[in-house]
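This briefing is intended to be read beside the sequence and the coordinates. The topics run from chain level to single residues.

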Amino acid sequence: MTSRVLSGLLLASTILGSAALAQAQDKTLTIESWRNDDLSIWQEKLIPAFEAKHPGIKVVFSPTAPTEYNAALNAKLDAGSAGDLITCRPFDASLELYNKKHLINLTDLPGMENFSPVAKSAWSTDDGSASFCVPMASVIHGFIYNKDAFEKLGISVPTTEAEFFAALDKIKADGTYIPLAMGTKDLWEAATMGYQNIGPTYWKGEEGRIALVKGEQKLTDEPWVEPYRVLAKWKDYLGDGFEAQTYPDSQNLFTLGRAAIFPAGSWEISLFNQSKDIKLGAFAPPVKNAGDTCYISDHNDIGMGINAKSPNADAAKTFLTWVASPEFADIYANALPGFFSLNSTPVKMADPLAQEFVSWREKCKPTIRSTYQILSRGTPNLENETWTESANVINGTDTPEVAAKKLQDGLDSWYKPAK
Amino acid sequence: MSEAAVSAPYARTLPVAAKRPRRWHIVVFLLPALIVYSAVMILPLIETLRLSLFNVVDGQPAFVGLANFRVLFGDARWAADFWNALRNNFIFFVIHMLVQNPIGVALAAMLSIPKLRFAAFYRTAIFLPTLLSFVIVGFIWKLILSPIWGVSPWLMDLVGLKSFFSPWLGKPGSALIAVSLISVWQYVGIPMMLIYAALLSIPEEVIEAAECDGITGWGQFWKIKLPLILPAIGIISILTFVGNFNAFDLIYTVQGALAGPDKSTDVLGTLLYRTFFGFQLQLGDRSMGATIATVMFLIILAGVSLYLFGIQRRIRRYQF
């Protein structure tokens, strides 16, 4: 008798157990991502918050190394083994996935109305008719400075170009600090933290960028050459041997308190906050003359879309609607200070440095990096060429005019804007 | 290739040698290597050569003949990139031939001096970098040469040469030489070991006979030993050639995929990588990548053939 009960129980538990398992398997969503730095934030904060509200759906965050992500993702998508949710790189990398029908159209997804067209631009078709990823975060460029250094030398935060260089002169004359922590060895620092950081002020943000895409302006025009002329002047304020100074070198120089100003992207915030010894402040790219409108690079960086072959598309949509909600924006932006939500609902952030960065959105006009949309579609690639030429300008290998001419010639060789 | 295909011609010859047992073991023993080698070397090579004749036309892969090569050599930008990479590659190779191999020979000659103490220690120490990963070597040298944290500015300061220090890896004029010398430092152990082995295999009688004839010291090295190790030097040259024209890893680790500054360290390997896999915003172009790979293959093939048919046959070998 007891043995029959026991075997009955065992049988029931096997069936029920497997049934539970089958149910769990039905609704497991896997996220493909390159943000392996964010693994703990997803596992400890974001996923539990979502699962608490949607008991039927389990979410697994499965990141790959950033440098391998694009290649690995393409291979997985072609083989049909990619996860249900795809973290989207901005612009052409994701647009190509959409054109190849690897990503589904999310234009009508509930929650998409929470984003402005600029926020969606990085993951929309060129005509803006279809969006295929939910915008998650953007990064803002500016300058992070060492407050102690500024106080000691009696420098106030510069707002104009003249004040900026006056401050640099003062720091250089004092000699305690390296005025600017930047090197040209890794090339992209010069382009991203240099050219794309100060540039929008001169080409008037979106206005210039769109004119460039339309072919109404050229890179050899004054608004595009002038930032190079300013950048060339930075040379005198960089550390000894900046030609061989790498990006981690710059970060270390700054966090060790040996440099006064770090031309930055907001993604540095969490790393810099770890060094408790120095007090940090931030200022937006200086304008040319006092009272000019300021422009900032508020660059769309991360989005999320749905794998067209996903068997759990409905659950995936539920998840993305949540990603589009203010609740997600709040958790995400606070867990990762420096990655700012693109949601129209303002997010209250605790980090003072992140607050400073995001406050520029109110007084300055935002734009995205000039080389990202459409203009880096061909060979030679404008973004990659900009890396090389920006470093050349700072190193003095090329004059600003020559650099601009090279870039425009490269662009002309394949880009024929419709007129 | 299947086992049946291998043994088919064999089966046809069977009636001639009727009594001979089938020697299956030959096939069986050859098969694993054949399969592995075909799968990881021959097939990809053929596929690469094939891919270089195809390109995407209107979204569909299509046979385009030699059009890819016409773009590579005919388009001003592609050609400029390609010739720049080839020239850098050639400089990279010349530096290895002029620095690595003579130093390798010299080290081997010194190691083979019978009176040298701690020979085993030197041998191991000099060979050790060859065993290190290029990632480690690249990283160590980036740190050594770093103008901020590096030991080289400090060491040069100690001997009063600080003014001669410059951020070599960051200057277009010196970056390629610096990277080449790092590579020389890493691989100098290989020519040393090969030459050392060749020197050790020279019979005592030959040396003794030379000594009887009054040839000693430097004269002995130039007139007796060097001619005897020439075949080994030939092998080293061709290994250096193949290795250098395939070079990629160290440059990628030290200078990044854009091989800066100003493409001054760009070699065929990094150009191939950027083209085939794409980099940052540039999407990969498999057809043009395969085209560059094919050209690299042809360059190496030409170099090796030149050596095999032009030089190796003329090297006099001595049998003892």
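## Chain and residue briefing

In chain B, the C-alpha centres of domain 1 and domain 2 lie 37 Å apart. The model is a predicted one. In chain A, the corresponding C-alpha centres of domain 1 and domain 2 are separated by 34 Å. Contacts between the chains involve 24 residues of chain B and 31 residues of chain A.

**Architecture of chain B**

- Domain 1 of chain B covers residues 3-51, and domain 2 of chain B covers residues 71-314.
- The secondary structure of chain B consists of 14 helices and four strands.
- Chain B has a radius of gyration of 25 Å, whereas a compact globule of 320 residues would have a value near 20 Å.
- The C-alpha trace of chain B extends over about 65 × 65 × 30 Å along its principal axes.
- Buried residues make up 28% of the 320 residues of chain B.
- Of the contacts in chain B between residues at least 6 apart in sequence, 66% link residues at least 24 apart.

**Contact between chain B and chain A**

- On the chain B side, 24 residues take part, and they meet 31 residues of chain A.
- The chain B side that touches chain A comprises 13 nonpolar, six polar and five charged residues.

**Helix 2 and helix 14 of chain B**

- Two packed helices are described by the angle between their axes and the distance between the axes.
- For helix 2 (residues 24-51) and helix 14 (residues 286-311) of chain B, the angle is about 115° and the axes are 8 Å apart.
- The crossing of helix 2 of chain B with helix 14 of chain B is left-handed.
- From helix 2 of chain B, B:T48, B:L49 and B:L51 make the contact; their partners in helix 14 of chain B are B:R286, B:S287, B:A290, B:A293 and B:T294.
- By class, this contact of helix 2 with helix 14 of chain B contains four nonpolar, three polar and one charged residues.

**Domains of chain A**

- In the domain assignment of chain A, domain 1 is 2-137 + 300-350 and domain 2 is 140-298 + 367-412.
- The contact between these domains of chain A is made by 11 residues of domain 1 and 12 residues of domain 2.
- On the domain 1 side of chain A that touches domain 2, there are six nonpolar, three polar and two charged residues.

- A:N300 belongs to strand 8 (residues 295-306) of chain A.
- A:N300 counts as buried because 25 other C-beta atoms lie within 10 Å, and the threshold for a buried residue is 20 or more.
- A:N300 and A:V139 are 161 residues apart along the chain, yet their C-alpha atoms are separated by 6.6 Å.
- Leaving aside residues up to four places away in sequence, A:N300 touches A:P90, A:A119, A:A122, A:P135, A:S138, A:L342 and A:I368.

**Helix 11 of chain A**

- Helix 11 (residues 247-255) of chain A has the buried residues A:D249, A:S250, A:L253, A:F254 and A:T255.
- These buried residues of helix 11 pack against strand 5 (178-180), helix 8 (188-203), strand 6 (259-265) and helix 12 (269-273) of chain A.

**Backbone features in loops of chain A**

- Most residues other than glycine have a negative phi, and most peptide bonds are trans.
- A:F91 has a positive phi, near 60°, and is not a glycine.
- A:F91 sits in the loop between strand 3 (85-88) and helix 4 (92-99) of chain A.
- A:F91 is classed as buried because it has 24 C-beta neighbours inside 10 Å.
- A:I374, also not a glycine, has a positive phi of about 65°.
- The loop between strand 10 and helix 16 of chain A holds A:I374.
- A:I374 is classed as partly exposed because it has 17 C-beta neighbours inside 10 Å.
- The peptide bond between A:T379 and A:P380 is cis, with omega about 0°.
- A:P380 is located in the loop between strand 10 (365-367) and helix 16 (382-395) of chain A.

Terms used. Residues are numbered from 1 along each chain as its sequence is written. Chains are lettered from A and ligands numbered from 1 in the order in which they are written. This is a predicted model: local features need pLDDT of at least 70, side-chain atom pairs count only at pLDDT 80 or more; totals for chains, interfaces and linings use all residues. Two residues are in contact if their C-beta atoms, placed from the backbone, lie within 7 Å. Ala, Val, Leu, Ile, Met, Phe, Trp, Tyr, Cys and Pro count as nonpolar, Asp, Glu, Lys and Arg as charged, and the others, Gly among them, as polar. Domain bounds come from an automatic or database domain assignment. Helices (H or I, at least four residues) and strands (E, at least two) are DSSP runs, numbered from the N terminus. The radius of gyration is taken over C-alpha atoms; the globule rule is 2.2 Å times the number of residues to the power 0.38. A residue is buried if 20 or more other C-beta atoms lie within 10 Å of its own, exposed if 12 or fewer, and partly exposed in between; C-beta atoms are placed from the backbone. Axes are lines fitted to C-alpha atoms, for helices over the stretch in contact, and angles run from 0 to 180 degrees between N-to-C directions. A crossing is left-handed if the near helix is turned anticlockwise from the far one by less than a right angle, and right-handed if clockwise.
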